[in-house]
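Here is my note on the model, as numbered points.

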Amino acid sequence: YLQEKIMNFSLSLWSSRETCTSRMEFLRDKYNMQDVENVVMKERVVCRNPPIQIFWQDDGIDELDNIFAQTRISRQDITTSPPPGSISIYFYESLRKDVGDNLVENMWRQYSLRNNSETNAQADIAIIDLFRTYPGRTDDPDAADLFVVPYAHASHCVSKPTGVWMAACKHIRYDLMKKGVFDTLEYYVGNKDRHLFLNVINQGNSNPVMRNTHLSLDIGPRYKDTNLLVPYLNNLQSFQPSAIRKRGKEWWVRPRTYAIAYFFGVSNSRTRNSPRFHRQHFLAEVQKNWNDTLGGLPYAIRVMTKGEKPPSRLFTHMYQDSIFCPTLPGDTPPQKRFFDVIMMGCIPVVLEFDSGQEGKKSWHQDGGHSLDNSYPWIKGSNSTHPKKEIDYRSFVVVVSGGVQNVRPTIEALMQNYTEIRRRQLTLMKYAPYFSYGMGADAHKYPDAFSKILESLRFYVDGLDSLGE
């Protein structure tokens, strides 16, 4: 009881920027407490944030417009031609308006707002627009390799048309999808394996009706070989392929101020028994055992709590000015943060576990989904031609054995500038493939959409080889 009184009383005297180790010393010196470690670590919320040094002059300017704030382009605006051998697609325009054109237009408008928070569900609206304007689109169903169904299921889910959210998107009724989508598909019967659906939301949050479609684009994890995984969308203009490609080699290998930057949440009321507990263990490890620097550089590690948040430009600056960016397990594999930090030139750091499949690893949790079922176009996934797969291990820092090994792993790498430079240049190579070119960038550069087309070409070639 006395210890609890001291803890509560000393809150007003204590700076939240201090470490838990320093807090232990404070309580030991001021109150002669003996069991300070158990007391402090039990109530870690009062000293959870390590000290952070900001070496940045804030210009106060946020990136005002995202890609949805610009005018939508038409098919006629696209002047590029599909490369030889490109897939031919038929784009349905027959969906009922409330789940077709009107849904897309309404969500496009909603996503254009600066305060929109549904950033994890926006990719389907972008992908639909890219298929709509794709130079390889045909209006002749007999000439099509695939049929694209432009139903934005993820966006429909987060729009909550009934005003409530239900697990597995059960608030979107089966009869609505059947009558508004499936019953409008004139060429579906006999061609199910050539109809592409967009289920670009974490599989656990998607409606079972969509999960049961034969061929789909998905965020992940993948439950069958015909789930083609794609990255999350970052809707800021500075994450467009042209912006990423303008950064020369010098930008990618330039000196950074911070060894590590990591801003994260530790709880989610919607998800019980989440692997987020690894974040809490990592925080405790930093508080208890880390010095003020890592490999001679400061680090920026911060738990984000409810309330007023710093402007998003702070996170962009800190990630771009850091060598390594942990992306420790969240509720599901993978995370939007993982792709964002790659495009910001920061080397991702992950924890590795044994997956539920023999001989395969997971970056999510023990017994979790294997890498080939979690990340788009990853080596060994058989989701595109093997020569076009992405070797994630060539740039990701993989930590085995738990959060206590993050620091020694990073410190060892920081003694090898040549290896850091190699990983940074590999980021430069792969980063554009996690960006969706929209507007003026549409269909101009190798990007996430061009990788999607590669996957579909690979899939169709497999069907053709079987005579299907």
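1. In this predicted model, Arg254 places its charged end over the ring of Trp251, at 4.3 Å from the ring centre. A lysine does likewise elsewhere: Lys451 lies over the face of Tyr433, and here the distance to the ring centre is 5.1 Å.

2. The count of aromatic pairs comes to 30. One of them joins Phe182 and Tyr188, with 6.0 Å between centres and 65 degrees between planes, an edge-to-face arrangement. Both Phe182 and Tyr188 are buried.

3. Why is the pair of Phe338 and Phe339 edge-to-face? The planes of the two rings stand at 90 degrees, with the centres 5.3 Å apart, and an angle over 60 degrees counts as edge-to-face. Phe338 has a relative accessible area of 1%, and Phe339 likewise has 1%; the cut-off for buried is under 20%, so Phe338 is buried and Phe339 is buried.

4. Phe338 and Phe339 also belong to a cluster linked by ring pairs.

5. How many cavities of 30 Å³ or more does a search of the whole structure find? There are two. The largest cavity holds about 70 Å³ of space. By class, seven lining residues are nonpolar and five are polar, with no charged residues.

6. The second largest cavity holds about 50 Å³ of space. The lining divides into five nonpolar, four polar and two charged residues.

7. Turning to open space, the second largest pocket has a volume of about 530 Å³. Of its 28 lining residues, Pro83, Ser86, Ser450, Leu453 and Glu454 lie nearest the centre. Which helix gives the most to this lining? Helix H16 (residues 448-465) does, with seven residues. By class the lining has 13 nonpolar, nine polar and six charged residues.

8. Leu215 is found in strand E5 (residues 215-218). Its relative accessible area is 0%, and the residue is therefore buried. Beyond its neighbours within four places in sequence, Leu215 is in contact with Leu146, Asp193, His195, Leu196, Phe197, Thr226, Leu228 and Tyr459. Leu215 and Leu456 are 241 residues apart in sequence, while their C-alpha atoms are 9.8 Å apart in space.

9. Is helix H5 (residues 123-132) mostly covered or mostly open? It is mostly covered, with ten of its ten residues buried. Asp124, Asp129 and Arg132 are among the buried residues, and these three count as charged by class. The buried residues also include Ala123, Ile125, Ala126, Ile127, Ile128, Leu130 and Phe131.

Technical notes:
Residues numbered from 1 in each chain as written. Predicted model: local features only at pLDDT ≥ 70, side-chain atom pairs only at ≥ 80, totals over all residues. Heavy atoms only, no water. Phe/Tyr/Trp six-rings, centres within 6.5 Å; stacked < 30°, edge-to-face > 60°. Buried < 20%, exposed > 50% of the residue type's maximum accessible area, 1.4 Å probe, protein only. Lys NZ or Arg CZ within 6 Å of the ring centre and 35° of its normal. 1 Å grid on protein atoms, 1.4 Å probe; cavity = no way out; pocket = protein on both sides within 12 Å on 5 of 7 lines; lining within 4 Å. Points joined across faces, edges and corners; volume = space filled by probe spheres on them. Helix = DSSP H or I, 4+ residues; strand = E, 2+ residues; numbered from the N terminus. Contact = heavy atoms within 4.5 Å.
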